[in-house]
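Student: Could you take me through a close look at a single part of this protein? I would like to see how that part sits in the chain.

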Amino acid sequence: MNGPLSGFRVVDLTNVISGPMATQILGDQGADIVKVEARDGDLTRGGGNRQGGFPAAFLNNNRNKRSIVLDLKRAEGVALLKRLAAAADVFIQNFRPGVVERLGVGETEIRAVKPDIVYVSISGFGEKGPLASKPTYDPIVQAISGLTTVQAGSDEERPRLVRTILPDKVTALTAAQAVTAALLHRAATGEGQHVRVSMLDSVVAFLWNSDMGSQTFVDAPVSIQRAASFIDLIYETANGYMSVSLMTDRQWLSFCKVAGRADLATDPRFATPALRDENIDARLEQVQEVLRTRTTAEWTALFDAGHVPSAPVLTRSQMVEHPQVAANGTLLEYDHPLAGRLRQARPAVRFEGSPSGIRRGGPELGVDTREVLAEAGVAEDEIEAAIARGVAGTGAP
């Protein structure tokens with residue numbers, strides 16, 4: 001199994017979600033990810049929902065990696081890290097701005113040992129400005145990016161969090177794509193570069209495509225803003241919930257026909273997409289009234305026959321068992337040497353000529369320290385001496 005990034009090595013100093021998810025994507029696509037951890041390991045190693053000593057949050061963001069423990073607060077540990085970087089293609093970190101410079105592993109120091117390296121910095125708010133040094137967590141970015149008011153549906157409603165760590169994940173996807181773009185640039189020019197990705201910038205860019213239309217025209221501001229109205233809500237049925245999306249005239253008229261509501265098809269409030277948007281509350285109330293009259297399965301069958309986009313609302317357990325998920329091969333099962341049988345989502349992108357996949361599960365802390373340092377040309381006696389002095393490690397203290 002050789003993914004499209006096979007042959008590239010990434011030195012990964014990231015922690016928690018945004019960085020580890022980004023590097024896991026690169027690892028799934030074939031890159032050799034060397035995860036450099038402190039003595040107590042990635043923060044997610046301490047999480048709950050664990051088996052065989054491994055939390056699910058760590059396993060689900062750190063497969064296809066090798067783990068090495070280095071003490072970067074000591075000069076000897078920094079020197080060993082630079083030896084790893086000298087043979088790497090990418091160096092990625094998500095410390096708060098200023099930390100890597102204090103440790104002596106900023107871009108200048110790393111580029112001195114590998115001039116063409118792609119150096120990646122992931123931050124919460126960027127590297128300058130009033131919030132640059134502020135501690136960053138997902139809800140904080142949701143709040144300041146405007147995402148919570150988009151999720152509320154209107155600036156007049158109580159802001160709401162998206163109940164998944166969307167900023168972390170969007171940043172991870174953004175960073176992973178940026179790494180491959182920078183590697184393509186290096187292949188064309190021979191030059192490495194510094195790639196900077198902030199959570200705030202990633203979320204604002206993510207929102208702009210569909211949720212910031214009212215902010216797009218500089219000379220036509222809108223004071224009270226709504227979420228993108230073409231994303232319909234979740235509706236109650238006679239026995240559960242479902243989603244129905246009615247974006248086009250054809251879909252709206254098909255819904256009216258299937259629902260037996262010719263009056264809605266001729267209602268002047270709903271005659272065009274713009275009017276349906278303007279009268280969204282009234283429209284959604286009418287759709288909701290209709291959907292309560294039948295079960296989810298009955299409506300799904302009727303809507304499928306009438307070419308009305310719809311889907312039942314599934315729980316997480318129901319999603320895992322859904323026939324479309326099975327047909328896509330979306331989920332994979334494999335055995336982890338310590339955590340047991342695991343189920344995870346396969347890499348989302350399928351490459352026909354260079355398939356990606358899961359080569360190994362999330363690593364034990366420091367399990368690969370000796371192997372990785374030996375590959376970097378560190379002599380065996382030097383490795384053992386570093387381990388004995390606590391500069392390098394092979395597990396938790």
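Tutor: Happy to! Ile234, Tyr241 and Val313 form a nonpolar patch on the surface, and together they have about 280 Å² of accessible area. Accessible areas come from the Shrake-Rupley method with a 1.4 Å probe, and for residues only the protein chains shown count as cover. Patches are made of residues with over 30% relative accessible area and no salt bridge; like charges are joined within 9 Å, and nonpolar side chains (Val, Leu, Ile, Met, Phe, Trp, Tyr) within 5 Å. A salt bridge is a side-chain nitrogen of Lys or Arg within 4 Å of a carboxyl oxygen of Asp or Glu.

A word on the model: it is predicted, so local features need pLDDT of at least 70 and side-chain atom pairs count only at pLDDT 80 or more, while totals for chains, interfaces and linings use all residues. Residues are numbered from 1 along each chain as its sequence is written, and side-chain values use heavy atoms, leaving out hydrogens and water.

Now to Val313, which sits in the loop between strand 11 (310–312) and helix 15 (316–321). Helices (H or I, at least four residues) and strands (E, at least two) are DSSP runs, numbered from the N terminus. With a relative accessible area of 38%, Val313 is partly exposed, a term for values between buried (under 20%) and exposed (over 50%), with a 1.4 Å probe and protein chains only.

Stepping back, the protein chain has 18 helices and 14 strands. Of its 397 residues, 45% count as buried. The protein chain exposes about 20,400 Å², with carbon and sulfur atoms supplying 54% of it. Its C-alpha trace spans about 85 × 50 × 40 Å along the principal axes.
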